Structure formats: structure tokens, C-alpha cells
Amino acid sequence: MAMGTVKTQRALAAEGDAAWSLRRLASSPAFWLALFLAFVLAGLLLPLRLPLGSNYWDTAVYFDAAQRIHEGQVPSIDFFAPVGPLGYYLVAGLDLAFPKAHPILLANWGVLPVALPLLAIVAFHVAQRSRGQALALLLPFLLFASLPINLHELYPLPGLDGFGHYNRHICLLLYVLVATLFFVRGPLLLTSLVAALMLALFLVKVTGAVSGAMLVGYAVLTGRMRFRDAAVAAAAVIAILALLDLGTGLVRAYVEDILTLLSLNTGALLPRFLTVASVKFNVIGSVLVLLGVLVWVAWRDRPAAFGSFLRGLAVSTTGWLAVTLFALIFFETQNTGSLEFIALWPLLLAILLEWQGRTDRLRPVVLVLLLAASLPSALIFIERGARAMLGAPSYQALRVDDLGRIGRVSVKREIAERAPLMLEHYARNQSAYAELSAKGQLPSFILYSAIDYQATWLLEAEQGIEAIRAWESANKRELNGFFTLDFVDLFNRQLDRRPPRHVPIGIDPFRSNPKVAAQALEDLRELDAIMAPKCPQTTARGMILDHFGKALEGRTRIALSPCWDMYLRG
């Protein structure tokens with residue numbers, strides 16, 4: 001009996017030790033980072049087929065950029081780009097390292113080689129004080145970085161979002177910046193992290209750097225960061241950019257692209273603020289109410305001097321929440337959906353920590369508002385991601401094998417049946433769609449967001465590749481390269497040809513299609529084939545064709561297939 005009791009006690013002790021080890025492991029930031037890295041590596045190594053989503057062709061822009069970089073082209077110098085060069089270089093690097101990876105995962109995770117190590121530094125630094133706080137900063141980032149999912153739905157059917165990659169990159173970097181400014185102690189580490197993050201923000205998208213500068217400036221004004229340290233960080237960023245520019249000329253070219261984009265996007269700012277407020281009212285509304293409650297509490301407990309009240313409010317989490325909300329709203333006025341406002345989470349955590357031990361009667365109200373400001377984003381992300389991945393096993397492969405990795409997508413059976421029928425319909429009824437295009441109308445108001453159109457667009461590109469190969473075989477001539485009069489070009493990547501220089505990638509005639517430079521015309525004249533898609537003819541395609549009209553002079557127009565014309569150099 002005594003021996004049995006001893007064995008039981010030993011077994012219970014062993015179980016207790018195992019449970020304690022598991023709890024300790026689960027509370028370790030290193031464990032979650034390792035688990036996330038294993039998930040990312042598996043996603044990059046496996047030849048996955050993933051569910052098609054809205055605006056998938058935005059992902060193809062990254063593949064076009066990667067192809068140009070592999071051919072020796074430099075963003076902003078050799079091709080006009082709507083955003084900074086860093087994202088394209090990171091994706092191009094991952095493309096070389098993981099030749100089987102799905103393009104949408106490459107584009108989505110392109111920022112991780114920069115953002116994840118910086119966040120890990122913050123998490124390990126905070127873990128020295130509190131593992132719980134470190135995990136509260138780390139786990140939301142890992143969630144939102146896990147899948148190409150946006151927090152605003154453009155189309156009701158589930159799928160992975162093919163657009164907004166660089167916006168998601170900025171949102172993740174701003175998340176790390178806010179966490180750094182609020183949770184990092186020690187001037188050297190703070191200065192180093194701020195410098196690295198501001199450099200990354202500038203080189204990914206300049207509007208992200210503007211929002212980041214607002215936050216760093218406020219940190220200096222409120223004493224969270226010393227002016228000297230901010231000046232050192234700024235000097236480091238400027239020095240690195242100067243060295244980069246001296247070696248390549250890239251920074252000057254990038255600034256010129258920024259100025260060009262500003263001249264092409266001159267719309268009023270107020271309507272954009274209203275759009276952001278309406279689209280993200282679930283977060284903005286909750287945060288504004290939370291700010292109202294926090295300001296009321298501060299006013300209720302205010303010191304006698306009004307100036308002291310304002311100064312205390314400015315340096316408090318309440319002041320920080322207001323300024324961060326404004327900075328993030330400003331960034332969102334320049335974008336259309338991504339992981340908007342996730343950078344509020346570190347501040348919401350700081351407010352939660354402040355109110356944890358308080359006995360104030362408004363504590364339940366504050367806690368509910370904190371949940372209202374944070375939970376919708378997490379729930380939307382999880383719900384949209386789960387719908388896409390749980391539905392994927394029942395989807396059918398879209399048969400576009402000639403498109404390689406960019407064509408490794410799946411769709412609902414109904415869309416798999418509809419897409420080829422629509423391609424034939426567009427080909428048979430071109431005059432009707434040309435008439436609609438002439439009136440400035442699309443076949444559908446949300447055509448590009450519709451998953452069935454993105455499937456049709458992939459089939460159209462497949463038809464173009466098949467037609468090019470057939471023409472080359474029949475004419476015993478290999479074309480030296482292509483320029484496509486559409487939003488994005490797939491032919492150079494898939495046929496391994498030379499992309500032209502000095503022409504834009506991601507051509508949006510309303511936002512990112514500057515005047516055709518003499519260098520671009522000269523390079524286009526040396527190109528064998530300029531491709532014009534027409535299934536369907538749209539306003540944008542017509543505008544792009546007109547824009548590059550001079551490049552078509554002296555070429556022979558060949559009806560290459562029902563959906564493609566080729567303008568051939570003689």
C-alpha cells in the first residue's frame with residue numbers, strides 16, 4: 001500500500017512538472033515565434049494551391065516586379081512603381097529562395113524579414129519585465145501577419161485577398177513602431193529600433209513614413225523619446241539613404257516617383273477622411289467613445305491648473321490614443337483596405353494595464369470599449385481567414401497551367417464553370433463592351449473585385465500565352481519581350497523574356513500612369529510585341545492603349561486570338 005502511494009505521488013508530481021513545463025512553454029515568446037516561423041516556412045516550401053480572392057492581379061504586380069529585378073532592373077530607376085522599392089526587393093529575394101512558394105504568400109510575407117526580427121527584439125525586451133505583456137504584443141502581430149486577409153470585405157465569396165499587400169506591410173511596421181515607442185525602455189535600443197522602422201516605412205511606402213513621423217514627433221513632444229535620440233535616429237536614416245543614393249541613385253528616383261504620384265492624385269482630402277470613417281466605423285466609433293470616456297475621467301480628476309490638465313492629458317495614454325488614431329486615419333486616406341488600425345493594439349494594451357487594478361466605477365465601461373475597439377478586427381480576420389481556408393478543400397482547380405505559380409488557384413465549382421463561359425461571351429460581344437467602355441462604364445460596378453472576373457482574367461492570360469507560343473512556332477521567330485496594355489503583365493515572367501524598361505508596373509490610368517517619357521518610347525520601340533487584351537474591353541484598357549499610342553506607330557496589328565491583339569515590330 002505504501003509503495004503504491006509513493007508511485008502515485010511520483011506520477012502526480014511528474015504530471016505536475018509536465019503541466020508546468022507546458023505552461024512555461026506556452027508563455028514563452030520564443031515558442032510562439034518558432035511556431036510561426038515553422039508555419040511560414042511550410043507555406044513557402046509547399047507547392048500550395050490557394051483559393052482565389054478579390055483583385056488577385058495585384059499579386060501579379062509583385063511577380064512582374066520580381067522578374068524585372070531578376071533581369072537587373074532597379075525600381076524607380078528602370079520602372080515606375082506606385083510604392084517604395086523595399087517590398088519588391090524582399091519579395092524578389094523570397095522568390096529566389098523559395099521557387100515553389102505561392103505568389104500571394106510571397107507578397108504577403110515579404111515584409112517579415114524586416115518586421116519580424118524587430119518585433120522579436122521588442123518582445124524579448126518586454127519579456128524581461130513581463131512575459132504576459134510580451135505575448136500580448138506578439139500574438140496579435142503573428143495573427144494579422146499569418147494570412148493575406150484584409151479587414152474590409154470587397155466581395156462576399158471567401159478567398160485570400162490578392163490586393164493590399166504593401167498596405168498590410170505598412171500596418172505591421174506601424175504596429176511594431178507603436179509597440180516600440182510605448183514599451184521599449186533604454187535610449188540606445190529605442191533609437192536603434194525607431195531608426196530601423198522609419199527607414200523601412202520610407203522604403204516601403206512614403207505615406208507610412210509620414211504617419212510614423214507623426215508618432216515619433218509626438219513621442220519627442222511628450223518626453224517619451226528624447227530629442228537627441230530622435231535626431232540621432234533621423235540622422236542614421238538620412239545617412240543610410242544618402243549612401244544608398246550615392247551607390248545607386250535609387251533614392252532620388254524614388255522621390256521623383258513620389259512627386260509624380262502626388263501630381264497624379266490631387267483629389268480633396270476631406271472625402272477620403274469621410275470614406276475611412278464610414279468603412280471602419282466599427283473601430284473608429286469605439287475608439288472615439290473610449291477617448292471621450294478617458295477625457296472625462298481625466299477632467300473629473302484634473303488638477304487645479306488647466307495647463308497642468310492639458311499637459312497631463314497630452315503625455316497620457318489618452319493623448320497617445322488620439323494622436324495615433326489620427327496618424328492611422330491619415331494613412332488610410334491614401335489606401336483602400338488592409339489591416340487598418342491594428343497599430344492601435346499596443347496602446348489599447350497599455351490602457352488595459354492602467355485600468356486593471358483601478359476601482360473606478362467607470363472601469364467596466366472602459367473595458368467594454370477596449371473590447372469593442374479591438375475585437376472586431378480580430379474576429380473579422382479570423383472569420384474571413386477561416387472561411388477561405390475551410391472552403392478551399394471543396395474548391396476546384398482553375399486550369400491555367402501555362403501561368404505557372406500565379407495560376408495555382410482554386411475557385412468554387414460555379415465560378416470554374418462561369419469563367420470560361422464569360423471569356424467566350426466577352427470575345428463574341430466585343431462591340432457591346434466597347435460601347436459600354438466608351439461611356440466610362442464597366443460591365444460590373446465592382447468588376448475587378450469580383451472573384452469570377454479575376455478567374456476570367458487568368459483564363460484570358462492563359463489564352464494569350466498559348467496564342468504567343470502558337471504564333472512563334474508557326475513563324476519560326478522568338479519574340480524578345482512583351483509590354484501588355486493592361487494593369488499588369490504576365491507574359492515576360494511566364495515566357496522568360498526581357499521586360500521593357502522605363503514603363504510602369506501596376507498601371508492604373510487614374511492614379512499611377514505618368515506621361516510616357518522619351519526613354520520609355522525608345523525602349524518600347526526595341527520590343528518585339530505590345531499586347532492588347534480585349535475580353536472585355538474596359539475604360540482603363542482603352543485609356544492605357546491611348547496613353548501608349550505613340551509606341552504603336554509603325555507596328556503591325558495582328559489578331560492573335562479572340563481576346564488578344566498583338567502589335568508586332570516589323
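Student: Which residues form one aromatic cluster?

Tutor: Rings of Phe, Tyr and Trp (for Trp, the six-membered ring) pair if their centres lie within 6.5 Å; planes under 30 degrees apart count as stacked, over 60 as edge-to-face, and the rest as tilted. Here Trp-57, Tyr-448, Tyr-453, Trp-457 and Phe-487 make up one aromatic cluster. The model is predicted, so local features need pLDDT of at least 70 and side-chain atom pairs count only at pLDDT 80 or more, whereas totals for chains, interfaces and linings use all residues. Residues are numbered from 1 along each chain as its sequence is written, and side-chain values use heavy atoms, with hydrogens and water left out.

Student: How many aromatic pairs does the structure hold?

Tutor: There are 24 aromatic pairs in the structure. One of them joins Phe-31 and Trp-32 edge-to-face, at 5.3 Å centre to centre and 75° between the planes. To describe their surroundings, buried means under 20% relative accessible area, exposed over 50%, and partly exposed in between (1.4 Å probe, protein chains only). Phe-31 counts as partly exposed because its relative accessibility is 27%; Trp-32, at 27%, also counts as partly exposed. Another pair, Tyr-62 with Tyr-88, is tilted, with 5.3 Å centre to centre and 50° between the planes.

Student: Where do Tyr-62 and Tyr-88 lie?

Tutor: Helices (H or I, at least four residues) and strands (E, at least two) are DSSP runs, numbered from the N terminus. Tyr-62 belongs to helix H3 (residues 57-70) and Tyr-88 to helix H4 (residues 85-97), so this pair ties together parts that are 26 residues apart in sequence. Tyr-62 is buried, with a relative accessible area of 4%, and Tyr-88 is buried at 1%.

Student: How is the packing of two helices to be read?

Tutor: Two packed helices are described by the angle between their axes and the distance between the axes. Axes are lines fitted to C-alpha atoms, for helices over the stretch in contact, and angles run from 0 to 180 degrees between N-to-C directions. Angles under 35 degrees count as roughly parallel, over 145 as roughly antiparallel, 65 to 115 as roughly perpendicular, and the rest as oblique. The axes of H2 (residues 29-45) and H7 (residues 131-145) come within 10 Å and cross at roughly 10°. H2 is therefore roughly parallel to H7.

Student: Which residues of H2 and H7 meet?

Tutor: Contact means heavy atoms within 4.5 Å. From H2, Pro-29, Trp-32, Leu-33 and Phe-36 meet Ala-134, Leu-135, Leu-138, Leu-139, Leu-142 and Ala-145 of H7. For residue classes, Ala, Val, Leu, Ile, Met, Phe, Trp, Tyr, Cys and Pro count as nonpolar, Asp, Glu, Lys and Arg as charged, and the others, Gly among them, as polar. The contact of H2 with H7 has 10 nonpolar, no polar and no charged residues.

Student: At what angle do H7 and H8 pack?

Tutor: H7 and H8 (residues 165-183) pack at about 170°, with their axes 11 Å apart. H7 is therefore roughly antiparallel to H8. Residues of H7, including Gln-133, Leu-137, Phe-141 and Phe-144, meet residues of H8, among them Leu-172, Tyr-175, Val-176 and Phe-183. This contact divides into 11 nonpolar residues, one polar and no charged.

Student: What does Leu-119 touch?

Tutor: Leu-119 is in helix H6 (residues 112-127) and is buried, at a relative accessible area of 1%. Not counting residues up to four places away in sequence, Leu-119 touches Leu-137, Leu-138, Phe-141, Tyr-175 and Val-176. Between Leu-119 and Val-176 there are 57 residues of sequence separation, yet 5.9 Å in space, C-alpha to C-alpha.

Student: Which strands stand at the edges of the sheet?

Tutor: Two strands pair if DSSP finds at least two bridges between them. The open sheet has four strands in the order S4-S5-S7-S6, with mixed pairing. S4 (482-484) and S6 (556-561) stand at the edges with a single partner strand each, so one side of each is left without a neighbour in the sheet. Five bridges join S5 (residues 529-533) to S7 (residues 564-568), and these strands run antiparallel; Ala-529 stands opposite Leu-568 in S7. S6 and S7 are likewise antiparallel and joined by five bridges, with Arg-557 having Tyr-567 in S7 as its bridge partner. A hairpin of two residues joins S6 to S7.

Student: Is Arg-384 buried or exposed?

Tutor: Arg-384, in helix H18 (residues 363-391), counts as buried because its relative accessibility is 6%. Leaving aside neighbours within four places in sequence, Arg-384 is in contact with Ile-149, Asn-150, His-152, Glu-153, Gly-159 and Asp-161.
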